[in-house]
Amino acid sequence: MQPRIPRQQVGDQSAGPRPDNDAGLSDELASVVTGARRRALRDGDRQIDTAHLLHSLLEYDPQARAVFGDGPGIARLLGYLVQRSIGYGLRWQGSVEDSGAVPVVTAAEGMSPLAAGAMEYARERAAARGDGAALGIDLLAALVADRQARAVEVLDRAGIDSHEILARVERLPAESW
């Protein structure tokens, strides 16, 4: 019987070329994107969306996860993200995440327009502070910026205010990144 999920390469992936949409990302954030790709494939989704990115970000980036603090909110959020392949997440399968609020970015193969836009926004945040590579905190800020994003919908269902998350990210001192 063939496994549903194709085998992943093991070893140092940073030595080889990255897909175009991973360029300009820190190694940690590239791992987040890789995790989101695996999650989308496992969930049977055609594209990586902002909820996949949020789930992977919380899983792989302790600094981004720390923005949410401890307590019942983060537990509810993770619960919704885990359940996305069953229940309410099924309505997203076969549809493209696009609010129309941002220009469609077509360079990021396999990502929804909003997810590709969030990746671009994360790169722009990094460039604005003089960094060559976007970090998880940059992506978190990008994910909560568009009220139509699936990531924001999941936050809302978990009772987490996306505006407050963005404010927390903005208050972080740059040297803590």
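The protein exposes about 9,300 Å², with carbon and sulfur atoms supplying 52% of it (Shrake-Rupley areas, 1.4 Å probe; for residues, only the protein chains shown count as cover). This is a predicted model: local features need pLDDT of at least 70, side-chain atom pairs count only at pLDDT 80 or more, and totals for chains, interfaces and linings use all residues. Residues are numbered from 1 along each chain as its sequence is written, and side-chain values use heavy atoms, with hydrogens and water left out.

View 1. Along the sequence the pattern reads α-α-α-α-α-α-α-α; helices (H or I, at least four residues) and strands (E, at least two) are DSSP runs, numbered from the N terminus. Of the 177 residues, 43% are buried, meaning under 20% relative accessible area with a 1.4 Å probe, protein chains only. Take the contacts (heavy atoms within 4.5 Å) with a separation of 6 or more: 63% of them join residues 24 or more positions apart.

**View 2. Helix H2 (residues 50–60) packs on helix H7 (residues 150–157).** Their axes sit 6 Å apart at an angle of about 65 degrees; axes are lines fitted to C-alpha atoms over the stretch in contact, and angles run from 0 to 180 degrees between N-to-C directions. H2 brings Thr50, Ala51 and Leu54, while H7 brings Arg150, Ala151, Val154 and Leu155. That set splits into five nonpolar, one polar and one charged (Ala, Val, Leu, Ile, Met, Phe, Trp, Tyr, Cys and Pro are nonpolar; Asp, Glu, Lys and Arg are charged; the others, Gly among them, are polar).

**View 3. Zoom in on H7 and its buried residues.** Arg150, Ala151, Val152, Val154 and Leu155 are the ones to look for. The buried residues of H7 pack against H2, helix H4 (72–82), H6 and helix H8 (162–171). Just after H7 comes Gly159, with a positive phi of about 80 degrees.

**View 4. Helix H5 (residues 113–128) meets helix H6 (residues 136–143).** Here the angle is about 130 degrees and the axes are 8 Å apart. That makes H5 oblique to H6, since angles under 35 degrees count as roughly parallel, over 145 as roughly antiparallel, 65 to 115 as roughly perpendicular and the rest as oblique. On the H5 side you'll find Ala118, Met119, Tyr121, Ala122, Arg125 and Ala126; on the H6 side, Ile137, Asp138, Leu139, Ala141, Ala142 and Leu143. The tally for this contact is ten nonpolar, no polar and two charged.

Terms used:
Buried < 20%, exposed > 50% of the residue type's maximum accessible area, 1.4 Å probe, protein only.
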